[in-house]
Amino acid sequence: MPQTPSGTTEATWLAERRTAAKERLGTLSMPSEREEIWRYLDLDFDPGFESVPPGPGSSNDDHVVTGWHGTVVSIVDGYTTSQGVASVGELEESVEIVRGSDLFSTAFLAYAPGSAYVGEALLETPVLVDIQTTGTATTFPGVHIDVPRGGDAAVVVRMRSTTDQAATVVPSITANVGDNARLTLSIIQDWNYATRSLGRGVIRLGRDAGLTFSEVGLGAKLGRLHLDVDFVGDGSHGKIYGAYFGEGDQVLDYRYFMNHIGTNTRADMFLKGAVADRALSVFTGMIRIEETGKRTESFQTNRNLILSEGAAAQSVPNLEILNNDVKCGHGSSVGPLDQDQRYYLMSRGLTPKRADRLQVHGFFEAVIEQIPDQHVAAWARDKINSKYITAQEEGRV
Amino acid sequence: MSYALEVRNLKARIDDLEILRGVDLAIPFGEVHAIMGPNGSGKSTLSHVLMGKTDYQVEGEAYIDGVDLLSMTVDERARAGLFEAFQYPTEVAGVSLEALTAEMAASNPDDDGFAERIAATTERLDMERFLDRAVNVGLSGGEKKRSEMYLLGVANPKVAILDEIDSGLDIDAVREVAAMVEALRSPQLGVVIITHYSRILRYMDVDTIHVMVGGKIVRSGGPEIAEELEGAGYMEYQVASAS
């Protein structure tokens, strides 16, 4: 078996994939914000792909999600460090869903040590995947979730930094949900404010498979998640939720594609976010219905609160429909706190600050109450509320 | 002794449009007054101006238990003891009624009676099943009025202004609201009911009725006024006011 950067061996298919990706990487340059898929982003930085560390740094074992009782899979600087958890590199053939040919996706294929493989054996209890970066190196953490036919899996992925040093991370989260299977996947993006994260997610749903996906985006200097959900199997269905809060100079970029391929598939996408200071959020939503996607029902909604004058939100829902027998809809809004609500709450005796806090809490609640994992929901509610209260106390909103 | 609410020569306009043209009003503690008038007479504007809605330019004086109201912000007026039950209460998605009353209590740290009033009013108005529902979201017209009356009970104000409290309700709901208002009567509270129709006044005792036309109180008197208005409408006053 060929050698990896860290000196271990890996499967032939992975080594071949790596070599091909490295060759392609040589022909690619840093993308430009002039390209639609990178619009609004400042990509003027050195991605530092050459700095991939040879092994994991020292991890932080304080386990993150209070009250968690399931299995924990640790990925430190891109390396799976938990005993008994396989890397895809140990599998005979590739199970990951590779998507995208841009610089970062290619770099992932070239440099990732090998995604953690979360399959049937691990999925009997809920799984927490704890992704950490420990230094300044560019790292490629990956996790592939494989829910067998008829299975029912719950996975939380938390991404965090153990220091406040600047780093670039290229995470990849992929999932294959078998026929009649269910996946509940909750992602917490909690990088430090110096980190650039260019994340990719691909989830493929089999026949009558169900997905409940949520992402809570709070950290990162640049936090991007480009998610594809492929409704391949007939009757597959998904609920996709998101809540994000940006402050300072944060840029949070969501690019969510619902790809309807099978018949009778259904998707509900609902993201809510707030931006303060000079933060920017970007939502690019796409409902794509293939010719084969008869009787698809797909909806996308994105609502944004602008909390400071210098903050901005871009919200761009799109539809591409190649079959007539479908129901689709989209809604999008960007605006400040509601004056009528503030007046009403003040007329009940609430100070303006308390009125606004309650309104912000209420704004996010519609999404947060839908997050299936109660630990994640409680964590998100608490974090967002306290971020807003701090911003209020510092006079930033 | 001061009045629960006293209003002197209150004027309000939006730019060049004069809506209140010098309103005088005195509501003693313990009494229930009604302000009646045709559409556009300024009844609802009066309640908004007193609550502190910022759309208006205001002149004149208003006092709650002798304390100057007009210099205060909306929330200060509420904490000073003014409560407006809105005709169309705003929906606050994602915020439960329980969360709202908790914040009302937290905004009034000097008032330690909230917990007791929340428990008592919840029971009296049978509100248990509404406490974890979002404020005014998805409620019927009658349920919204009930929710407003609930918040009134929790707030324990000195003055309650009930704006068009009977609008859009069927007759059973009107009776129910009338009974809730009757139950509010207390020596520590002055109540102002703003209404277009005399219907609700059939089901409750009102001490004084004020007729408002063209931005002024044109007549004040006993419950017999309601009966007259039911027969003759506001025409007589409108003609007088226009001349």
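How many residues does the largest nonpolar core have, and which of them make the most contacts inside it? In this predicted model, the largest nonpolar core has 84 residues. Those with the most contacts inside it are B:Leu50, B:Leu100, B:Met149, B:Leu162 and B:Ile193. Helix 6 of chain B, residues 171-184, gives the most to this core, with seven residues.

Let us look around one of these residues, B:Leu162.

**Two pairs of helices**

Two packed helices are described by the angle between their axes and the distance between the axes. Here are two such pairs to find in the structure.

| Helix pair | Angle | Axis distance |
|---|---|---|
| Helix 1 (residues 12-25) of chain A and helix 2 (residues 103-111) of chain A | about 140° | 7 Å |
| Helix 4 (residues 114-124) of chain B and helix 5 (residues 141-155) of chain B | about 150° | 8 Å |

Start with the pair in chain A. Helix 1 and helix 2 of chain A pack at an angle of about 140°, so helix 1 of chain A is oblique to helix 2 of chain A. Their crossing is left-handed. From helix 1 of chain A, the contact uses A:Arg17, A:Arg18, A:Ala21, A:Lys22, A:Arg24 and A:Leu25. Helix 2 of chain A brings A:Leu103, A:Thr106, A:Ala107, A:Leu109, A:Ala110 and A:Tyr111. Sorted by class, this contact has seven nonpolar, one polar and four charged residues.

Now turn to chain B, where helix 4 and helix 5 have a right-handed crossing. On the side of helix 4 of chain B you will find B:Phe114, B:Arg117, B:Ile118, B:Thr121, B:Thr122 and B:Arg124. They meet B:Tyr150, B:Gly153, B:Val154 and B:Ala155 of helix 5 of chain B. The residues of this contact divide into five nonpolar, three polar and two charged.

**A residue in a strand**

Is A:His330 buried, exposed or partly exposed? A:His330 lies in strand 19 of chain A, residues 327-335. Its relative accessibility is 42%, so A:His330 counts as partly exposed. Beyond its neighbours within four places in sequence, A:His330 is in contact with A:Gln300, A:Pro317 and A:Leu319. The C-alpha atoms of A:His330 and A:Val316 are 9.9 Å apart, with the two residues 14 residues apart along the chain.

Technical notes: Residues numbered from 1 in each chain as written. Chains lettered and ligands numbered in written order. Predicted model: local features only at pLDDT ≥ 70, side-chain atom pairs only at ≥ 80, totals over all residues. Heavy atoms only, no water. Core = buried A, V, L, I, M, F, W, Y, C linked by side-chain atoms within 4.5 Å. Buried < 20%, exposed > 50% of the residue type's maximum accessible area, 1.4 Å probe, protein only. Helix = DSSP H or I, 4+ residues; strand = E, 2+ residues; numbered from the N terminus. Axes fitted to C-alpha atoms, helices over the stretch in contact; angles between N-to-C directions. Parallel < 35°, antiparallel > 145°, perpendicular 65-115°, else oblique. Left-handed = near helix turned anticlockwise from the far one by under 90°. Contact = heavy atoms within 4.5 Å. Nonpolar A, V, L, I, M, F, W, Y, C, P; charged D, E, K, R; others polar.
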